[in-house]
Amino acid sequence: MRADEHAAPLSRREFIAVSMTAAGGLMLSLSPAWPAGRARGLCAESGAAEAGQLGAFVRIEPDGRIVLGARGCEIGQGVRTSLPMLIAEELDVPWSSVSVEQLPYGLVASREPPGFKSLYGAQGAGGSTNIPDAWSELRQAGARARWLLIHAAAHSWREPAERLSTHEARVLHPDGRTLSYAQLANRAAGLTPPASDVPLKDRSARHIIGQPTRVADAREIVTGKALFGLDGSIPGALTALIARSPYFDGSVADFDDRRARRVPGVRGVFRIPGPRAGAPIERNLAAGVAVVADDFWSAHRGREALRITWKRGPGAVDSSAALEERALAALARTGTLAREDGDFAAARAGAARVIEAVYTEPLLAHATMEPPHALLQLSDKRALLIASLQSPGGASRMISDMTGIARADIEIRLPRAGGGFGRRLQNDFVAEAVLVAQQARAPVKVVWTREDDLQNDFYRPFGVHQLTATLDARGRVTGWAHRVAATARKYRAAGMEDEPDWVGCVDRDGFPAGCVANYHAEFLPVDLNLARGWWRAPLPTFVAFPVEVFLDEVAHAAAQDPLALRLALLGEPRELNYRDHGGPKFHTGRLAQVLRRAAREIGYGRALPPHHGIGLAGHFTHGGYAAHAIEVAVSERGELSVVRCVCAADVGEIVNPLGLEAQFMGGTIDGLSTALNLQITVKEGRIEQSNFPDYPLLRMANAPDVEVHLIDSQFAPSGAGEMGIPSVAPALFNAIFAATHRRLRRLPLGDQLGHTAA
Amino acid sequence: MAIELTLNLRTVRFTGDPAMPLLWYLRDHARLTGTKFGCGIGYCGACTVHVDGVAIRACVTPMASVAGRVVTTIEGLAREGSLHPVQQAWIEADVAQCGYCQAGQIMAAVDLLRRQPQPSDADIATLTNLCRCGTYPRIRRAIHRAAELLGGKHT
């Protein structure tokens, strides 16, 4: 039964809706009014000019306050600060006069097909694309608003616009007169904007881009006033917890909800269908039973009181041990070729020396500090979603597909998100909110607990990497093969059906591809009945560990210095083709530069105390370059301590150095945390981990300081949210080798040194 | 039976389930959403608040146990519009990334500085609050800065 067959259209007044629950019970729910109007976006809904509104992102208040719209999903990468900085720079206003306002998802109705259009451009968060997407676009938005203000002053003074300039939110006349932006704003708002792009400032004239700038809403964060998705409220909204099948593709055989319904505050219990076994996962991840209640605690108690008999899915006997055996067995087969340069087999046949090693990487969960959730209000015509998201476009499509509501009538607010790391690129939790809200006939907030989160994720693929290098008699690398036996990323991923099976697991154009004459990259799919997802710097993190540790192994086998070998392979600074995300080019000189810089800063090559070692690694990630140099000490009992941790990065022109330092510091700690102790394992078809004690993120006691060095780069900026992680694990393991002469090839480190990694 | 407590200087009454964790009373009933849900088992510290001035994990603290006691949340830390020195230091050190765990981190830091006005890095390392974004180095800086602002004395 669909909600819209019976529900009266929601009005702005509250009304009582009486409806039958799916289980046949009578449910009395208070369906509240829509919250008054749309969240105040910066763009007038009607398209008519609003007072002081200069384009989609700039509003100037009569008191001189400059209000700038932040369009992105803030997940901790700093876009609520960095994107408005781009606008403010070209608008030519002091940053201290700026107030940042979060924009909602900006889809509005349009007469042209497909019936809607975007007001603000790209708003998602994934692949570190916010800054590169905005670099021209948002600087233009600021420059065009400035153009309007200058032309408004030109009209007032009857002076050619070319003779006017701006400084600190004022337009200057050559004779010394000035008009403030606040005085000009209304007149400027009535002018026709320029038809084409306007010139941007010279780099030397900038006063905001490149300056250390603190988080725009820091005061709200430290006073507890900042709203995150889970803090969203809609009057009358109920809270839902879902008991999900502990077996992927499992289903509810039978359930008894009599005790659950007697829990005070419980309003309804509903069955939730899951994905079809074997079919793409287009909506929610798991079948289950939802308990809807007045508040979290009642829903939680209700869920605890459910008795459910699960029908196990097809993966119910699987285990991590069996998975690893399958992966190792797969290496004996022939897989899909992702790249072949020259003739690796011939290079191998003619080699003076062949080096080979196998590396193992675990499944990983995202474990955002703020668990998944979605607050949704539905009528037959409209929807309002408040949630922490990375893909509001995907959420909008999901709701529209499931309800028939037109895209332009789905309002999506974008509160702060308590972390993303790729988890929220999926909108399965939004689908759950639709399924529950349709049955509950009330606005519903679906809340996940930590256990729900760790056990129902789109996991980072598991993989075994076999690397082979061939050397000639002089120790030069003549061939390189990288064979990956992994759980394919595209497995049941909606929208990836037409992609090759190696996508997300093989970095066909990654270093040293293009730097070795005979190069071979191959993929061997391994079965596993679990959903897969993108996990912060997905492919770079997956491939950097085996490649960068193997480079060290090759260097040692050939009696070369690991840094010197990397620099020799990178060769002359030049651009190579890179066809995957972060391309189209990879610059060998930029990777060499960050490696040299990290090495110099840590004092690579200096004499070290006994049991100390320094390891290096670098990686090209989503258009940016980063390298780590890590010094460790390993006691004779196997206790590891990170003595120093240096990161060098080239992410192009620097927008916010303070924000960049935070991203690389945080990325480095995330990398350490993951390399030391994090893995998801399967036993009898179920995820073994359930909460932070068995998925132990790094704590303060083991978090080193991170020395971040940013290259003063002339290249156009990449993003920065993901570049700080991939080179951490290999640098750490290379350092452990340097300290102990023990070559470890399995993530996480765990107790491989004979002592549990802290 | 009603439970009465002092919440951010106001007296409040609660008549629901005495087993309800303080966290969910704060978030769902008192509408103070600054205190966050992270694990539900008292492990991650996102829900850290003060009871009688001492940091506790609200997600495992039943309402019955706070009857008659003084609860301070992140919303009650700044008094009369002026930030607590720890909050001030947090802004100066630009600690927050996603920001979700920071309320709990700040409440834990205030408690540490009460016990140890000039904390060493080793003292700071006793804090067990989790941060998934990895802001620990800046948290350390902020706590040292807060100790300076407090002048070695806790206010």
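Me: Let's start with B:Arg31: is this residue buried or exposed?
Reply: This is a predicted model, so everything here is read off predicted coordinates. B:Arg31 has 10 other C-beta atoms within 10 Å. The cut-off for an exposed residue is 12 or fewer, so B:Arg31 counts as exposed.

Me: Where does B:Arg31 sit, and what is its phi near?
Reply: You'll find B:Arg31 in the loop between α1 (22-29) and β3 of chain B. Its phi is positive, in a residue other than glycine, and the value is near 55°.

Me: What about B:Asn8: buried, exposed or partly exposed?
Reply: B:Asn8 sits in the loop between β1 (3-7) and β2 of chain B, and has a positive phi of about 50° although it isn't a glycine. Within 10 Å there are 18 other C-beta atoms. Buried would take 20 or more, and exposed 12 or fewer, so B:Asn8 comes out as partly exposed.

Me: Over to chain A: how far apart are the axes of α1(A) and α2(A)?
Reply: Helix α1 (residues 79-91) and helix α2 (residues 130-157) of chain A pack at an angle of about 35°, and the crossing is right-handed. The contact residues divide into 12 nonpolar, three polar and four charged, with A:Leu83 and A:Leu86 among those from α1(A). The axes are apart by 6 Å.

Me: What is the hand of the β-α-β unit that includes α1(A)?
Reply: The strands of this unit are β5 (residues 66-70) and β6 (residues 98-102) of chain A, which run parallel and are joined by five bridges. Across that pairing, A:Ala70 stands opposite A:Gln102. With α1(A), the two strands make a unit that is right-handed.

Me: Which peptide bond is cis, with omega near 5°?
Reply: Check the loop between β7 (107-109) and β8 (116-118) of chain A, where A:Pro114 lies. There's also a cis bond joining A:Gly583 and A:Pro584, but its omega is about 15°. The one with omega near 5° runs from A:Pro113 to A:Pro114.

Me: Which helix gives the most to the side of chain A that touches chain B?
Reply: In this contact, 45 residues of chain A meet 44 residues of chain B. On the chain A side, α4 (218-222), α6 (296-304) and α15 (657-677) each supply at least two residues. That side divides into 24 nonpolar, 10 polar and 11 charged residues. With seven residues, the helix that gives the most is α15(A).

Conventions. Residues numbered from 1 in each chain as written. Chains lettered and ligands numbered in written order. Predicted model: local features only at pLDDT ≥ 70, side-chain atom pairs only at ≥ 80, totals over all residues. Axes fitted to C-alpha atoms, helices over the stretch in contact; angles between N-to-C directions. Helix = DSSP H or I, 4+ residues; strand = E, 2+ residues; numbered from the N terminus. Left-handed = near helix turned anticlockwise from the far one by under 90°. Contact = placed C-beta atoms within 7 Å. Nonpolar A, V, L, I, M, F, W, Y, C, P; charged D, E, K, R; others polar. Pairing = 2+ DSSP bridges. Right-handed = clockwise from strand over helix to strand, strands pointing away.
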